[in-house]
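Please study the sequence and the structure before working through each solution.

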Amino acid sequence: MANDRDHILTLSCPDKPGIVHAVTGVFAREGHNILDLQQFSDPTSQRFFMRVHFGPTPAPSTEHLKPAFDALAAEYAMTWDIRPVARKTRVLIMVSKIGHCLNDLLFRAKTGQLPIEIALIVSNHPDFAPLAASYGIEFHHLPVTKETKAQQESQVLELIKKNDVELVVLARYMQVLSPMLCEAMSGRIINIHHSFLPSFKGAKPYHQAYERGVKIIGATAHFVTADLDEGPIIEQRVARVDHSMSPKELVDEGSNIESQVLAAAVKWYAERRVFLNGNKTVVFS
């Protein structure tokens with residue numbers, strides 16, 4: 001189990017020889033133990049990705065490592081970050097009127113299954129205010145129409161800045177985000193949707209699947225971009241179904257998968273296991 005002086009280093013850069021040697025050399029010189037290291041070189045994008053769990057450090061601060069990694073960043077055109085393992089990711093959850101994913105995230109966060117702190121919940125409907133109150137979490141009812149969308153999203157951005165939110169999770173939030181909000185939070189919004197796209201778009205996808213007699217249903221968690229449901233995929237899971245299942249049973253099974261997939265994506269993001277790689281992701285297990 002990680003202690004309060006364990007840290008995670010994440011980095012990416014153009015791939016070239018010597019990166020692993022250079023990075024591990026920093027830790028060797030400073031006397032820091034590498035507890036886990038994962039790396040990936042993408043031959044297509046020609047980019048290199050690395051996640052290093054190291055520690056314990058002599059003190060909570062890792063400022064003494066900054067000069068060495070700034071120098072590596074200049075040499076390798078590298079972006080890097082170091083974060084304490086014990087620091088929880090601050091999350092804003094957005095939801096509409098379907099609550100299974102919200103309820104699941106709240107429970108997992110409360111019981112320590114997710115390394116996140118749910119700072120607040122935003123909804124375009126008031127339905128889940130009592131649920132938020134039961135967990136002691138701030139709830140904001142922000143109705144939205146076509147005419148008020150820009151104003152409502154500006155309010156959301158203000159809440160994000162005010163509460164130091166690092167990640168926005170769309171837990172069945174049934175509104176399309178504007179390009180402005182997608183750009184402002186690029187790489188920091190995760191959405192969940194059924195994997196029937198593009199075959200079963202729109203309302204009642206599980207009922208559409210029932211009418212077509214599908215044999216597999218599933219769900220996809222992905223980063224949100226201005227292109228609807230086209231963002232980089234983080235996680236997908238499926239379940240087998242058959243002709244004997246009613247539309248309600250398909251909905252119930254689909255809800256379970258959606259909750260599991262979204263929770264996995266949020267967990268991996270909070271653990272710094274997810275890297276953007278163009279239109280794809282690299283996810284270290």
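A residue is called buried under 20% relative accessible area, exposed over 50% and partly exposed in between (1.4 Å probe, protein chains only). The model is predicted, so that local features need pLDDT of at least 70 and side-chain atom pairs count only at pLDDT 80 or more, while totals for chains, interfaces and linings use all residues. Residues are numbered from 1 along each chain as its sequence is written, and side-chain values use heavy atoms, without hydrogens and water.

**Exercise 1.** Classify the pair of F27 and F54.

*Solution.* Step 1: rings of Phe, Tyr and Trp (its six-membered ring) pair if their centres lie within 6.5 Å; planes under 30 degrees apart are stacked, over 60 edge-to-face, and the rest tilted. Step 2: the structure holds six aromatic pairs. Step 3: the ring centres of F27 and F54 are 4.5 Å apart and the planes stand at 40 degrees, so this pair is tilted.

**Exercise 2.** Determine whether F27 is buried or exposed, and do likewise for F54.

*Solution.* Step 1: F27 has a relative accessible area of 1%, so F27 is buried. Step 2: F54 has a value of 0% and is therefore buried.

**Exercise 3.** Classify the pair of F275 and F284.

*Solution.* Step 1: the ring centres lie 5.5 Å apart. Step 2: the planes are at 75 degrees, so the pair is edge-to-face.

**Exercise 4.** Which residues does S259 touch, not counting residues up to four places away in sequence?

*Solution.* Step 1: contact means heavy atoms within 4.5 Å. Step 2: S259 touches H100, C101 and D104.
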